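Biologist: I would like to learn how to read the features of a model like this one. Could we go through them in turn?

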Amino acid sequence: MTDVQLGMPQLPPPAYPDEVRERLTADAREIIGRYPDSRSALLPLLHLVQSEEGYVTRTGIGFCADVLELTTAEVTAVATFYSMYRRKPSGDYQVGVCTNTLCAVLGGDAIFAALQEHLELGNGETTEDGKVTLEHIECNAACDFAPVVMINWEFFDNQTIESAKRLVDDLRAGRKVVPTRGAPLCDFKQTARTLAGFPDERPGATAAGGSAGPASLAGLRLAKGEAGPGRVVTQRGADRPAGEQPAEHPSSHDAPQQTSASDPHHPAGPAAEEGE
């Protein structure tokens, strides 16, 4: 028989201070006004309360429930479904290492393991100085720049173990870190406010850009009728008839890259044998 622990009922969360609630209420009205159905505003509202304290607190959940006339259970169900909402205090910089298939085989697994050792953190844990939270991410949707690290959802492409270590060291030391693509880096609270739908007012932020690589855009070009006829791409190193040239390939990893595990000068570490 399993022991049942009966504790005291959880007390209601503290309310926001009056000036904070007044400010958040004004922002919430602006967000809700964008939608024909108020409950559709829940996702950006969760980003809004996350921008206040750096994570979604019970106070934030209660606020969202009040302004949308939902139950706290309904708000909690959404907040706990999406990993982009933090449920505990976390760092100023969320460092996510893609460990999905392509990034993993090109060095993402090795980068994540190296950062865990370097920072002495487990997945989802935060450094004692409160600067960096480390986590693995299933996909950063940037496969042709693999292995990819994201910091507060900004791209850092073609990473190696050493470059990833430099990134987290620079973040902790307060040195400037520049994403490969996209807006200049800001802290997690600022990122959350932008995701709530408010403009990033930093100079140059909206002018910053970047795009997916040619492999990611191949399907779009085909859909627009811009691409040429299909080509047969043979396996790298496979035998070909005499005089036949290897087919061109749109992927940035068709040849070994100095920034991936395919480059012998930047090994990702020994591969385990099957069954190990």
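**Reading the model**

Modeller: Of the 276 residues in the protein, 36% are buried. Keep in mind that the model is predicted.

Biologist: Which secondary structure elements are there, and in what order do they run?

Modeller: The protein has 8 helices and 4 strands. Starting at the N terminus, the order is α-α-α-α-β-α-β-β-β-α-α-α.

Biologist: What share of the contacts with a separation of 6 or more comes from residues 24 or more positions apart?

Modeller: Such pairs account for 63% of those contacts in the protein.

Biologist: How should I read the packing of two helices? At what angle do helix 3 and helix 4 pack?

Modeller: Look at the angle and the distance between the axes, then at the residues that touch. Helix 3 (residues 58–68) packs against helix 4 (residues 72–81) at about 120 degrees, and their axes are 8 Å apart. Helix 3 is therefore oblique to helix 4; angles of 65 to 115 degrees would count as roughly perpendicular, and those over 145 as roughly antiparallel. The crossing of helix 3 past helix 4 is right-handed. Helix 3 contributes Ile61, Gly62, Cys64 and Ala65 to the contact, and helix 4 contributes Thr72, Val75 and Thr76. By class, the residues of this contact are 4 nonpolar, 3 polar and no charged.

Biologist: What does the link between those two helices contain?

Modeller: Glu69 is in the loop between helix 3 and helix 4. Its phi is positive, about 55 degrees, although Glu69 is not a glycine. Glu69 counts as exposed, at 73% relative accessibility.

Biologist: Where is Glu120, and is it buried or exposed?

Modeller: Glu120 sits in the loop between helix 5 and strand 2. With a relative accessibility of 71%, Glu120 counts as exposed. Glu120 also has a positive phi, about 60 degrees, and is not a glycine.

Biologist: How do I decide whether cysteines are bonded? How many disulfides does a search of the whole structure find?

Modeller: A disulfide is a covalent bond between the sulfur atoms of two cysteines. Check the distance between the sulfurs, with a cut-off of 2.5 Å. The search of the whole structure finds 0 disulfides. For Cys103, the closest cysteine sulfur is in Cys98 at 3.6 Å, which is too far for a bond. For Cys143, the closest one is in Cys139 at 4.7 Å, again too far for a bond.

Biologist: Is Cys103 buried or exposed?

Modeller: Cys103 is buried, at 5% relative accessible area, while Cys143 counts as partly exposed at 36%.

Biologist: How far apart in space are Gly107 and Ala146?

Modeller: Their C-alpha atoms are 8.1 Å apart, and 39 residues separate them in sequence. Gly107 is in helix 5 (residues 101–119) and is buried, with a relative accessible area of 8%.

Definitions and conventions. Residues are numbered from 1 along each chain as its sequence is written. This is a predicted model: local features need pLDDT of at least 70, side-chain atom pairs count only at pLDDT 80 or more; totals for chains, interfaces and linings use all residues. Side-chain values use heavy atoms; hydrogens and water are left out. Axes are lines fitted to C-alpha atoms, for helices over the stretch in contact, and angles run from 0 to 180 degrees between N-to-C directions. Angles under 35 degrees count as roughly parallel, over 145 as roughly antiparallel, 65 to 115 as roughly perpendicular and the rest as oblique. A crossing is left-handed if the near helix is turned anticlockwise from the far one by less than a right angle, and right-handed if clockwise. Contact means heavy atoms within 4.5 Å. Ala, Val, Leu, Ile, Met, Phe, Trp, Tyr, Cys and Pro count as nonpolar, Asp, Glu, Lys and Arg as charged, and the others, Gly among them, as polar. Buried means under 20% relative accessible area, exposed over 50%, partly exposed in between (1.4 Å probe, protein chains only).
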